[in-house]
Amino acid sequence: MAEEKLFKAYINPLAFHEVDEPWASHMERTPDHEAVLRFLCSPEVPSDLENLIARYREISVESNRLFAAPAEQNILEKLIWPLRNAKASFMVGSYLGTISLSGMVAEMSAILIFEISNLTINEKPLDKKTQESIFGRTFENLGQDPRVKVLHAFNLIDDEIKSNFDTIRDRRRRYLHLFSQEHTQIARDAIAVFDAAVKIVVRVIGQDVKEGVIMLNPDLIKYLEKKGVMEAEGPGPEAVAQAGEESS
């Protein structure tokens, strides 16, 4: 007879017990907010309000604050809300979620930087056919490493922003692709990756404030004009929006 062995295990680790258990459908009350938070938080991560706020403050240490964002659908859906969700993931202890979403934001930012740059070669637009001839495929279909190298080679990003891209790609690769990567420092790395992603987005937007108005990246202004989010005619070449208000 084979020797019996014991092991520790989580039983039904994917279940929301207050909803999934057989008796749950007969409950007179639906699960409360505390039960939902317990399920949203990673196992062994405290879900009380004090700890949620503490983790929010822990990740809210960006050296470059994103204080305004153009209300253009792609920018919101591909850059801004994923960053917000990355911060929320950290609050509930989903550090992998923070790293993964920050990585997505970095990829979308690289594509947007290229798109709004309107690069030309021999005075001809760098269209998709030309991109395939030069890069072997369109810029959007390149891997993130070659994308960043192209942006840097064309001086569309400086050494500092390239370093932020590299930080995100390196740590994302280790945590999302290597089974051997331990999670002993994952919270610290998630903060670093999130901070790098915010720096990239701030640089893409080019936000600055002068005399109470927001000054945007001129290339982004042209993109917003094409999308109909910003009127082409205004008081000057810079975009203006009252600080603290949504641009219209």
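Me: Let's start with a backbone detail: which residue with a positive phi follows α7?
Reply: That's Asn155, with phi near 60 degrees. Keep in mind that this is a predicted model.

Me: Noted. While we're at α7, which of its residues are buried?
Reply: Gln144, Arg147, Val148, Val150 and Leu151. They cover an arc of only 160 degrees around the axis, so they sit on the same side of α7.

Me: And what covers them?
Reply: The cover for the buried residues of α7 includes α5, α6 and α8, the last one being residues 159-177.

Me: Let me zoom out. How many helices and strands are in the chain?
Reply: Ten helices and four strands. Along the sequence the pattern reads α-α-α-α-α-β-β-α-α-α-α-β-β-α.

Me: What percentage of the residues count as buried?
Reply: 37% of the 248 residues in the chain.

Me: And what about contacts, how many join residues at least 24 apart?
Reply: 63%, taken among contacts between residues at least 6 apart in sequence.

Me: OK, aromatics. How many aromatic pairs turn up in the whole structure?
Reply: Four. One of them is Phe16 with Phe39, which is stacked, at 4.9 Å centre to centre with 10 degrees between the planes.

Me: Where do Phe16 and Phe39 lie?
Reply: Phe16 is in the segment before α1 (17-20), and Phe39 is in helix α2, residues 33-40. The two are 23 residues apart in sequence, so the pair ties those parts together.

Me: Is Phe16 buried or exposed?
Reply: Phe16 is buried, at 17% relative accessible area. Phe39 is partly exposed, at 39%.

Me: What about Phe114 and Phe139, why is that pair stacked?
Reply: Their ring planes are at 5 degrees, and the cut-off for stacked is under 30 degrees, so the pair qualifies. The centres of the Phe114 and Phe139 rings are 4.0 Å apart.

Me: Which parts of the chain does that pair link?
Reply: Distant ones: Phe114 is in helix α5 (residues 95-117), while Phe139 is in the loop between α6 (128-135) and α7 (144-153). They're 25 residues apart. Both Phe114 and Phe139 are buried.

Me: What is Ser109 in contact with, leaving aside its neighbours within four places in sequence?
Reply: Leu79, Phe165, Ile200, Val201 and Val204.

Me: Switching to α3. Which residues are buried there?
Reply: In α3 (residues 49-59), Leu52, Arg55 and Ile59 are buried. Looking down the axis, the buried residues of α3 fall within an arc of 65 degrees, so they line one face of the helix.

Me: What's on the face turned away from that buried side?
Reply: The exposed residues Leu49, Glu50 and Arg57.

Me: And what covers the buried residues of α3?
Reply: The cover includes α2, α4 (73-91), α5 and α9 (186-205).

Me: Last one: where's Pro43?
Reply: In the loop between α2 and α3. Pro43 is exposed, with a relative accessible area of 56%. From Pro43 to Val92 the C-alpha separation is 9.7 Å, and those two are 49 residues apart along the chain.

Conventions:
Residues numbered from 1 in each chain as written. Predicted model: local features only at pLDDT ≥ 70, side-chain atom pairs only at ≥ 80, totals over all residues. Heavy atoms only, no water. Phe/Tyr/Trp six-rings, centres within 6.5 Å; stacked < 30°, edge-to-face > 60°. Buried < 20%, exposed > 50% of the residue type's maximum accessible area, 1.4 Å probe, protein only. Arc of directions from axis to C-beta. Contact = heavy atoms within 4.5 Å.
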